[in-house]
Amino acid sequence: MSGPLLKVRDLSVAFGPVQAVDGLSYHLHAGETLAIVGESGSGKSVSSMALLGLLPQRSARITQGEAIFEGQNLLRMSEREQRRIRGNRIAMIFQEPMTSLTPVLRIGQQLTEALTEHRGLSQRAARDKALEMLRLVDLSDPPRRMLQFPHELSGGMRQRVMIAMAMALEPDILIADEPTTALDVTVQAEILDLMRDVQARFGTAILLITHDMGVVAEMADRVVVMHRGKKVEEGPVKTIFNNPRADYTASLLAAVPRLGARSAEDGPRPIIAQPAQPGEVVLHAEGMCKQFAGRGSLFGRSSGTVAMKDVGFSVRAGETLALVGESGSGKSTSGRAVLRLLEIDSGRIALEGEDMRALSSRSLRKARRAMQMVFQDPFAALNPRISIGRLIAEPMLIHGIAQGSELDDRVAALLRRVGLEPDHMKRFAHEFSGGQRQRICIARALSVGPKLIVADEPTSALDVSVQAQVLELMLELQQTMGLAYLFISHDMAVVEEMAHRVAVMRQGRIVEMGPRRNVLDAPRHPYTGALLAAVPKPDPAALRQKLPRLNLKEIPMGSLVEVAPNHWVAQ
Amino acid sequence: MLRFIAQRLFAALITIWIATIAVTLLIHLVPGDPVRIMYAGFQTTEAEIEAIRQRLGLDQPVWRQYFMYLGRVLQGDLGHSIVGSQPVLDTLLQRFPATLALTVSALIIAVVVGGTLGFFAAYRRGTVWDFGAMTLAIVGVSMPHFWLGLLLLFLFSMTLGWLPVGGSGWRNLILPALTLGLATGAVIARLTRSAMIDIFDQDFVRTAHAKGLPKTLVLYRHALRSGLVPIVSMLGLQFAYLMGGAIVIENVFAWNGVGRLAIQAVFARDYPLIQGFILFFATVVALVSVIIDVTYALLDPRIRYGT
Amino acid sequence: MSAPAEPLAAEARVAPRRVLWALLRSPSGAVGLAIVLLLIVVALLAPAIAPYDPYRMASGPRLAAPSWDHWMGTDQLGRDVFSRVVYGSRLTLMIGTIAVGISLTAGLLLGLIAGYAGGWPERILMRLVDVVFSFTEIVIALACLAILGVGLINAMIAIGIASIPFYARITHSVVLVEKNKPYFEAAIAAGASHLRLIFLHLLPNVIPTLIVVGTLGVSTAVLAAAGLSFLGLGAQPPQPEWGFMLSSSRDLISRAPWMMIFPGLAIAITVLGFNLLGDGVREVLDPRQRAR
């Protein structure tokens with residue numbers, strides 16, 4: 001190997017007074033994959049954008065440093081020279097495949113334009129090359145794809161197009177900025193597979209920017225860990241995972257939920273000495289169906305999308321039922337339907353034996369005391385114009401639980417209960433961090449003493465270290481208060497940590513449901529198996545296996561049959 | 001796409017239909033006796049008023065009047081004006097070419113001037129060019145149309161003597177079209193700038209840059225073509241405002257279009273003519289917005305190839 | 001007029017005093033605020049500022065050019081143009097307040113109810129609003145005047161009614177966005193009643209947008225009223241209304257251009273002031289805009 005391909009030294013980027021990247025240095029060698037990991041705000045994306053001169057020109061400033069590529073400093077090049085490198089020698093793919101392609105141009109044109117620009121190929125030659133690339137990234141019917149527009153492709157297909165576009169010029173370096181973060185886990189696995197294939201074929205060096213330790217372990221040869229704009233550690237992937245030197249790396253790794261970590265245990269980790277055990281059935285739902293109307297017009301409706309078909313489950317006090325699935329599986333719809341935040345077409349929902357669908361809107365409002373919700377985006381879930389003290393007090397006021405100074409005392413107690421200070425009461429949502437906001441949401445949910453809490457992806461907007469704390473708080477509350485949780489998540493590792501029982505959803509149906517150990521350790525439905533196999537393991541020693549290709553047409557999607565005690569699988 | 005056009009046409013029909021209802025109600029909302037108000041300037045006997053009332057159908061119940069009116073409208077009969085007793089539709093159609101010439105030339109000026117100004121302001125966002133263009137635009141937005149018209153009239157006709165003060169030739173069209181075009185252009189400049197800024201901040205523009213395409217190619221092929229969709233979609237509303245603005249401008253420049261007619265009708269309380277004008281205006285605006293909607297649908301593959 | 005389609009300031013709650021400071025720091029906000037304050041001061045102190053009675057004919061010679069005695073000259077009846085412009089500010093402020101008051105209140109209620117109710121009421125109500133909206137303000141105002149008869153007060157009412165659809169649409173679009181935010185669902189989940197949901201949760205989040213739109217709306221109303229008065233449908237002689245003053249100047253442009261220039265300038269500066277103030281408030285309340 002003849003020295004590094006790219007040498008970044010002392011790179012610093014400032015956004016106004018904020019130092020986003022501070023003295024970052026690293027080397028990238030030909031053909032290797034270097035992962036830059038960090039939580040939000042670590043400067044990992046900014047540092048890579050700086051290399052290609054893609055930072056927003058008005059707000060960002062490269063204050064110092066150099067990035068030497070083939071003897072030239074990328075950061076000090078003229079716009080013209082930079083352009084010759086961009087897309088040609090160094091290509092980039094982005095996090096959001098849905099918005100990263102120009103909506104008004106055909107895929108074909110977007111694929112060929114860089115070829116004609118950099119290589120001076122004829123239209124015909126560029127077209128042939130583009131077709132070859134589409135085949136290479138495993139898209140079916142390439143000639144047809146060339147004529148399609150981005151909106152006709154799914155997210156995973158678009159990311160394949162992005163990769164085809166980036167690799168068409170056979171660049172020396174591919175910068176991949178969170179390339180799979182916006183994708184479902186099975187699609188993520190396919191894209192990661194594809195990236196490895198492409199890398200092996202062209203010998204491209206990959207600079208992978210990610211927050212996901214699982215992706216790092218699967219992909220990287222070497223790792224740079226960033227925290228608040230600074231590099232805290234750099235090393236081979238095995239060393240980073242097995243013997244992290246920096247405390248920050250160690251704590252980051254400790255916070256990452258690992259699938260299989262609790263496979264030997266029945267329930268979630270006990271946080272208190274005598275955790276409450278699952279008791280009476282709190283929630284029972286059966287036969288829930290919901291079809292969203294297609295875009296209505298006066299010429300009739302286009303047939304709607306099925307959000308839920310014959311969904312049923314029950315949750316006991318002190319127990320967590322996790323609903324897992326990919327986007328569009330109907331898991332969130334089910335959660336909202338249970339709370340009657342959404343009217344279902346048919347089915348039965350009973351809370352402590354009472355038929356929720358039969359309630360008048362007045363008695364429904366009263367019944368809401370027993371069921372509360374925690375949302376995915378804790379910021380959006382708090383009204384920005386009401387102080388958090390009043391927000392937490394609101395449910396108690398509505399239900400006439402407390403008034404005056406007693407109300408204040410209760411709010412203070414709730415804040416303390418979730419690990420915040422009572423004098424935070426007067427502040428507003430924007431003054432808190434993401435994790436604190438989620439604690440506030442939990443405090444609000446607890447204020448009326450509910451039996452059931454529906455938690456819809458409560459930690460997926462949070463960094464892993466914060467996620468671990470929030471999950472622990474939720475476990476502790478359940479074990480002391482005997483709360484029933486309906487826990488909605490796409491993250492199998494988080495589900496393993498939280499759930500007593502698991503229901504796997506796909507296309508609006510439950511395909512497998514049972515005790516957590518059964519479902520996660522010995523799945524009986526092929527889709528559950530595929531979902532589990534697709535989860536990247538945060539362990540570089542784990543074998544990188546080719547994924548089993550799931551034949552989507554042959555997945556059983558029928559009614560549930562009990563294959564073992566309490567373990568149901570779709571036939 | 002066909003479905004989209006059908007939907008837009010249907011929406012236009014609904015608009016026109018609601019306009020017929022509004023227009024029938026209009027005469028009923030007049031406090032007092034509309035016939036007496038209309039003929040206030042005429043020497044009329046009680047018997048004549050009663051006859052007019054019967055002729056206009058005003059002695060019938062409202063719903064009956066509505067269906068009578070609708071029936072006549074469907075046959076292309078908008079009634080007769082009080083002043084001069086001309087058929088309303090003929091009068092409107094006779095005046096309409098002048099208004100059309102004015103609004104279309106104004107629209108062209110507005111789009112060319114406003115679009116260019118807005119696009120370059122967005123492209124040079126944050127520079128003195130942007131600041132200058134947007135200062136110009138906000139001053140333009142803040143000026144009353146008719147005042148701008150009077151200023152231009154003062155400058156070009158009175159002081160420099162280049163253009164005539166009033167009349168109906170093409171040279172007389174220059175000033176009113178310029179007035180209306182520049183005033184609307186200021187609005188379009190602001191809208192274009194903010195639409196283009198939204199586009200420049202999109203991920204796909206970053207992708208295009210990351211491919212190493214020349215700036216101009218990114219600008220025209222990726223950004224401008226995407227930006228045209230929201231910009232064109234705003235033009236329907238702008239055309240409606242243009243038609244509204246024409247009413248005032250025609251009066252400033254004594255341009256004999258339907259707008260001038262409308263004002264005279266309001267003064268004379270010539271209700272059949274006012275009704276006809278409103279219905280006519282609503283129809284033109286509705287049809288033009290269908291054309292504009294179809295244009296932007298053609299620009300946007302998500303609609304063009306949608307179901 | 002361009003209008004924000006998305007709600008403002010959803011993520012930042014800013015204290016009133018901070019808004020004022022931020023407003024003064026943004027160039028457009030500071031200039032706009034200065035102009036609007038100046039207008040208010042002039043309107044309040046009109047009798048002290050105006051050197052002549054705005055209605056008195058032959059305060060000086062007819063059609064006199066601007067001079068020491070008559071800063072903006074005199075009109076065809078020998079009235080002092082400066083005094084008339086000063087008194088005109090009172091009418092202009094009244095127009096802005098009344099017209100925007102009518103359209104804002106009615107539009108806000110309509111938009112809130114339609115947006116909150118959803119379903120059929122929403123579809124019918126908003127369809128109707130859209131249709132009326134496409135008639136444009138000036139035609140609706142003409143129709144109203146055809147019903148009510150000409151006059152300045154009627155013109156204000158007509159403009160107020162004509163702009164209701166605009167405010168209803170904006171309110172409705174903001175309500176739709178806010179209604180789909182989880183905090184609203186959280187309030188439902190807490191068991192909040194309809195009134196609580198509308199007035200405690202939706203309304204405070206709609207108001208910032210409407211402050212901006214209402215400020216910009218004053219400009220539109222002033223322009224529209226001046227236009228109607230110019231056409232002779234609004235203010236009647238001898239009211240010192242700016243638009244009306246312009247209409248009497250039309251035939252005298254070459255002989256007395258000052259009769260045309262100064263009232264027009266007064267309208268333009270007033271409208272500019274409200275436009276700048278509206279832009280400034282929007283910048284302050286919407287961090288996304290400020291970043292531009």
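Colleague: Which residues of α10(A) meet which residues of α16(A), and what makes that a contact?

Modeller: Ser251(A), Leu252(A) and Ala255(A) in α10(A) meet Val464(A), Ser465(A), Gln467(A) and Ala468(A) in α16(A), where a contact means that the C-beta atoms of two residues, placed from the backbone, lie within 7 Å. The residues of this contact divide into 4 nonpolar, 3 polar and no charged, with Ala, Val, Leu, Ile, Met, Phe, Trp, Tyr, Cys and Pro counted as nonpolar, Asp, Glu, Lys and Arg as charged, and the others, Gly among them, as polar. This is a predicted model, in which local features need pLDDT of at least 70 and side-chain atom pairs count only at 80 or more, while totals for chains, interfaces and linings use all residues. Residues are numbered from 1 along each chain as its sequence is written, and chains are lettered from A and ligands numbered from 1 in the order in which they are written.

Colleague: Why are α10(A) and α16(A) called oblique to each other?

Modeller: The axes of α10 (residues 247–255) and α16 (residues 464–481) of chain A come within 8 Å and cross at roughly 50°, the axes being lines fitted to C-alpha atoms, for helices over the stretch in contact, with angles from 0 to 180 degrees between N-to-C directions. Angles under 35 degrees count as roughly parallel, over 145 as roughly antiparallel, 65 to 115 as roughly perpendicular and the rest as oblique, and α10(A) and α16(A) are therefore oblique to each other.

Colleague: What is the order of the strands in the open sheet of chain A, and which are its edge strands?

Modeller: The 8 strands follow the order β18-β19-β20-β15-β21-β22-β24-β23 of chain A, with mixed pairing; a pair needs at least two bridges found by DSSP. The edge strands are β18 (371–374) and β23 (560–564) of chain A, each of which pairs on one side only, and the twist averages 20° from one strand to the next.

Colleague: How do you know that β18(A) and β19(A) pair?

Modeller: 4 bridges join β18(A) to β19 (residues 452–456) of chain A, and the two strands run parallel; the bridge partner of Gln372(A) in β19(A) is Ile453(A). Helix α15 (residues 434–446) of chain A packs on the sheet, touching β18 and β19 of chain A, and its direction makes about 175° with that of β18(A).
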